[in-house]
Each structure stands twice: as C-alpha cells, then as structure tokens.
Amino acid sequence: MAKARTKKRTHLRAQNASAAAAKGSSASHTSKTPKSMVIRVGGSQVGSSVSQLVKDVRLMMEPDTAVRLKERKSNRLRDYTVMTGPLGVTHLMLFSKSATGNTNMRMALTPRGPTLHFKVENYSLCRDVEKALKRPRGGGQDHKTPPLLVMNNFNSPNATEDSKVPKRLETLTTTIFQSLFPPINPQATPLSSIRRVMLLNRELNSDSKEDDSYILNLRHYAITTRKTGISKRIRRLDPKEVRNREKRGVAVPNLGKLEDAADYLLDPSAAGYTSASETELDTDNEVEIAENTTKRVLNKRELQRMKAGEKEKAQKKLNATPEVEKRAVKLVELGPRLKLRLVKVEEGLCEGKVMWHDYIHKSEADRKKLDKNWEKKNKEKAERKRLQKENIEKKKAEKAKARAEGKQVEDDEDEEMDVDDDEDDWLSDDFDEDEGAELEGEDDESMEE
C-alpha cells in the first residue's frame with residue numbers, strides 16, 4: 001500500500017514548526033535586551049503616592065518592562081525571581097515604605113545580584129511635573145523606544161579604594177545603571193528613534209574634600225526639535241508644523257485681515273526685519289540632521305543602461321545625497337524626579353554579604369568574623385541541598401522498586417521542593433536604615449538620622 005503524502009506547505013505541523021522556528025529566532029534576538037520589573041512591595045500598604053511613583057517609573061522604563069504587573073500583599077520575593085528566567089528579566093526595582101515613613105528603592109541584578117539599596121529622599125510625580133510646566137508634553141510615540149541614558153559625575157577624580165565611597169563602588173554603580181537599557185550604536189541607530197532621555201547626576205562637593213555620601217538626582221525628559229535659521233512666524237506656516245498643530249487642535253494663523261503676507265512674516269515696526277525675540281542666536285543646542293529621503297530602486301532596464309555606458313548618470317540618481325538641516329534640540333520634562341541616596345550594597349539578590357554600608361563601618365577583625373560566618377552558612381546550605389538530593393534519589397529508587405514488584409505507588413508532586421524555600425520567603429516591606437545593622441549583627445546600633 002502506498003504511503004500517504006504529507007502536505008508541507010499547508011499542513012498544520014509545518015506551519016507550527018515554522019512559527020516555532022521564527023519565535024525561537026526572535027527570542028534569541030531579544031534575549032540580549034535588558035528587561036526590568038518595577039515592583040511595589042507590600043501591596044496597598046505603601047500608600048497612594050508610592051503606588052503612583054511605581055506607575056511613573058514603569059512608564060519611564062518602557063518599553064522593556066512589566067507595565068501591567070499587579071502585586072499582592074502575600075507575594076514573596078521568590079514569586080518574582082522564579083519568573084525572571086523564563087521572561088528574560090535582568091533587573092528588579094523594589095519600592096517599599098518603612099514603618100517610620102521613609103521610601104526606599106532596591107535595584108537588583110538577576111539572578112545572583114548584586115543589590116543596591118537606595119533611600120528616596122525626595123521625589124515628584126509626573127502629574128506634579130506637568131502642573132509646573134507651562135506647555136507640558138502630551139502623549140504619543142515617545143515610550144515605544146527606550147530612553148537615552150546620560151550619566152554625570154559617576155566617577156569622582158579623587159576617589160580611591162580607601163575613600164568613604166571607594167572606587168570599586170563607583171565602577172559597580174556605573175555598570176549597573178548602564179545595563180538598564182540596551183546599548184546604542186551611533187552609526188546604525190536612527191536619530192528619530194531617540195525620543196526620550198534619562199539624566200542621572202551625582203552630587204559632588206565643589207571643593208577637594210572627600211564626599212560623605214553617594215547621592216543621585218534622576219530626571220526624565222522628552223526630546224523635541226525645531227528648525228533653526230527662520231523666525232517663528234515663518235515656521236508656523238511650514239506644512240509639517242501645520243499638520244502637527246492640527247493634530248493638537250491649534251488653528252493656522254488667520255491672515256484674512258492682512259493685505260500682504262509680508263505684513264505677517266515681517267514686523268513693520270522693525271523696518272522689514274523680524275524682532276530680536278524671534279531670532280535664535282544660541283547655537284549650543286543645534287545639531288545637524290540628515291533629512292529622510294527615499295532612494296529609487298533600479299529596474300532591469302536601468303541596470304542594463306548602467307552596464308551599457310550610462311553608469312555615471314544612473315549612479316547620480318542612486319546616490320542622491322540627502323539634504324542636511326540644522327535643528328535646535330529642546331527638552332521637555334516628563335517626570336518623575338527622584339533624589340536617591342545609596343545606603344547599602346549587598347552581594348546577592350536582596351540578601352548576602354554586605355559589601356558597603358553608608359552608616360556602619362567594620363574593623364578588619366569584624367570583617368573576618370563576618371566572612372567566616374558567611375562561609376559557614378554557605379557550607380550548611382550546600383550540605384542541606386546534598387542531603388535533600390540524596391533523599392529524593394532514595395525515594396525514587398524505592399518507588400521504582402515498588403512498581404517493579406507490582407505495588408501501587410502514589411506520586412508526590414512536592415517531593416522536589418527546594419529546601420531553601422523558607423530562606424527567601426520574605427519580601428521586606430519594612431526596610432529601614434537599621435536593617436543593615438541587623439544583617440551585620442549590630443542590633444544595638446541605630447542608623448536613623
């Protein structure tokens with residue numbers, strides 16, 4: 001009997017295979033893109049202001065972030081860390097509020113850390129920034145591409161390994177913030193895709209004294225451009241500007257009462273010249289942008305003409321140089337604003353050995369003692385995992401033997417649970433400045449200002 005023919009073009013299996021292959025290739029392409037989760041710790045207990053701040057930070061971290069993430073009061077840290085691997089999440093930003101009313105932020109790299117602990121000294125929401133602006137920026141396509149990251153004063157010229165803020169801490173903080181967004185290739189990235197900018201400025205002392213703390217100021221802006229070299233009145237008649245104003249509901253200037261267009265374009269009181277307020281003399285914010293021009297694709301006949309001797313003429317049409325125009329760059333603040341004070345750096349993911357602390361300073365003997373305690377704890381953890389693995393293998397062998405003898409065996413789905421589940425079932429919603437003292441074994445030291 002003849003074998004049935006398998007339809008490869010229209011068969012469902014072939015379609016699924018091609019779709020899976022395309023999905024796999026796209027997943028491998030996007031796996032390098034940094035992704036983040038902005039988490040509100042403690043559910044609704046943090047208050048409405050911190051909840052709105054979390055929403056604003058998610059909007060700022062778009063598009064590679066979990067915008068519609070919904071937290072519960074019963075969520076543990078493991079609930080989020082388990083999903084970081086399948087979803088490709090590389091950064092966790094945890095916002096919490098302590099019992100004393102301080103707002104804190106933790107930025108952690110998955111899956112093994114380190115973790116930066118910040119105290120949010122001051123913050124302003126997006127709605128507060130919009131109320132302070134005369135012409136706030138509306139919605140649009142700004143958040144479809146990641147923002148441009150600009151960092152200032154992250155590396156102090158006088159920093160050493162023995163400073164209050166050591167050199168290795170500055171390098172670590174710079175690397176973590178640089179990994180928040182995908183890198184930009186200046187030769188290949190189109191300027192039209194850069195629509196937002198996130199500015200991070202570290203406060204440094206003006207004199208040569210050593211800095212006492214590590215404080216960052218965060219600002220978030222939208223990038224807008226305007227043509228230069230022409231007055232505002234001529235710019236209002238530009239077709240592109242007219243279309244943008246029509247979208248915003250702004251009408252075209254009314255020229256019905258004027259006898260000549262020159263009466264609108266030129267100020268009569270200035271003897272035919274535009275006013276000084278409409279000129280743009282400041283050229284610090286000007287950039288040169290190549291206009292987007294479409295290139296013609298040559299057909300077969302034109303390619304034959306190129307081969308026949310008309311190569312120069314056709315090459316001129318093909319390599320038409322785009323026009324370059326100057327544009328003035330203007331930043332419109334979107335919010336939120338944050339003032340962050342670095343309090344502590346931990347080695348692991350929201351746990352582990354404290355690498356640096358702003359308030360507590362240990363002697364060399366205390367550090368050696370803490371290292372021994374951590375080494376002992378890690379050995380005990382490895383021993384527990386080894387015993388658990390042996391017990392699981394022993395149970396599997398007993399069940400296999402019982403099945404071979406014909407006995408009925410019930411499958412235990414929870415037998416392969418991690419023995420260390422009870423170690424990270426916390427998602428601290430009461431992190432305060434004295435938490436570092438508890439982790440360091442200093443219960444009697446208070447760090448509240």
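This text walks through one protein, from the whole chain down to single residues. The model is predicted.

Start with the overall make-up. The protein has 12 helices and 11 strands. Of its 449 residues, 33% are buried. The protein exposes about 29800 Å². Carbon and sulfur atoms supply 49% of that area. Now look at how the chain meets itself. Take the contacts between residues at least 6 apart in sequence. Of these, 70% join residues at least 24 apart.

Next, find helix α11, which runs over residues 364–404. This helix has 41 residues. From its first C-alpha to its last, α11 reaches 60 Å. That is close to the 60 Å expected at 1.5 Å a residue. Which residues of α11 are buried? They are Leu370, Gln388, Ile392, Lys399 and Ala402. Just after the helix comes Gly406, with a positive phi of about 90 degrees.

Now turn to helix α2, residues 48–60, and pick out Asp56. Asp56 is buried, yet it has no salt bridge. The nearest side chain of opposite charge belongs to Arg127, 6.6 Å away. A salt bridge needs the charged atoms within 4 Å. What does Asp56 touch, leaving aside its neighbours within four places in sequence? It is in contact with Leu125, Cys126 and Pro336.

Val82, Met83 and Leu87 make a nonpolar patch of about 250 Å². Met83 lies in helix α3, residues 77–87. Is Met83 buried, exposed or partly exposed? Met83 counts as partly exposed, because its relative accessibility is 37%. Buried would mean under 20%, and exposed over 50%.

Key. Residues numbered from 1 in each chain as written. Predicted model: local features only at pLDDT ≥ 70, side-chain atom pairs only at ≥ 80, totals over all residues. Heavy atoms only, no water. Patch = residues over 30% accessible without salt bridge, like charges linked within 9 Å, V, L, I, M, F, W, Y side chains within 5 Å. Areas by Shrake-Rupley, 256 points an atom, 1.4 Å probe, with all protein chains shown as cover. Helix = DSSP H or I, 4+ residues; strand = E, 2+ residues; numbered from the N terminus. Buried < 20%, exposed > 50% of the residue type's maximum accessible area, 1.4 Å probe, protein only. Expected span 1.5 Å × (residues − 1). Lys, Arg positive; Asp, Glu negative; His and termini not counted. Contact = heavy atoms within 4.5 Å.
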